[in-house]
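Hi there,

Here is the structure I promised to pass along. Have a look at it first, and then read on for what turned up.

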Amino acid sequence: MGQNKIDYSSSIFGIHFFNNDIGVIIKGGSFYKTTDGGTNWIDKYPQYGFASQLEVVNDKTFFIAGGRT
């Protein structure tokens with residue numbers, strides 16, 4: 001996942017790309033965004049929790065769900 005070597009130890013639970021450059025993922029409980037096709041990812045909300053679902057309404061509205069058991 002890009003050149004900045006995002007940790008490979010956790011699963012990707014949600015992924016959505018709006019075009020060739022802009023995309024978002026939920027990985028390891030954090031929400032990441034890329035604006036360069038996945039070369040680099042920005043951790044927008046580090047350690048959001050145990051997020052496991054991503055619902056995208058449009059490029060400005062997302063729902064993130066999850067929790068602990």
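What percentage of the 69 residues in the chain do buried residues make up? The answer is 25%. Please keep in mind that this is a predicted model.

On the overall layout: the chain has 6 strands and 0 helices, which gives the pattern β-β-β-β-β-β when read along the sequence. Of the contacts between residues at least 6 apart in sequence, 27% link residues at least 24 apart. The chain exposes about 4800 Å², with carbon and sulfur atoms supplying 50% of that area.

Gly23 sits in strand 2, which covers residues 23-27. Gly23 has a relative accessible area of 0%, so it counts as buried, the cut-off being under 20%. Leaving aside residues up to four places away in sequence, Gly23 touches His16, Phe17, Tyr32, Lys33, Thr34 and Trp41. Thr35 is 12 residues from Gly23 in sequence, and their C-alpha atoms are 6.7 Å apart in space.

Ile15 belongs to strand 1, residues 12-17. Here the relative accessible area is 54%, so Ile15 is classed as exposed, for which the value must be over 50%. Together with Ile12 and Phe17, Ile15 makes a nonpolar surface patch of about 270 Å².

Key: Residues numbered from 1 in each chain as written. Predicted model: local features only at pLDDT ≥ 70, side-chain atom pairs only at ≥ 80, totals over all residues. Heavy atoms only, no water. Helix = DSSP H or I, 4+ residues; strand = E, 2+ residues; numbered from the N terminus. Buried < 20%, exposed > 50% of the residue type's maximum accessible area, 1.4 Å probe, protein only. Contact = heavy atoms within 4.5 Å. Areas by Shrake-Rupley, 256 points an atom, 1.4 Å probe, with all protein chains shown as cover. Patch = residues over 30% accessible without salt bridge, like charges linked within 9 Å, V, L, I, M, F, W, Y side chains within 5 Å. Salt bridge = Lys/Arg side-chain N within 4 Å of Asp/Glu carboxyl O.
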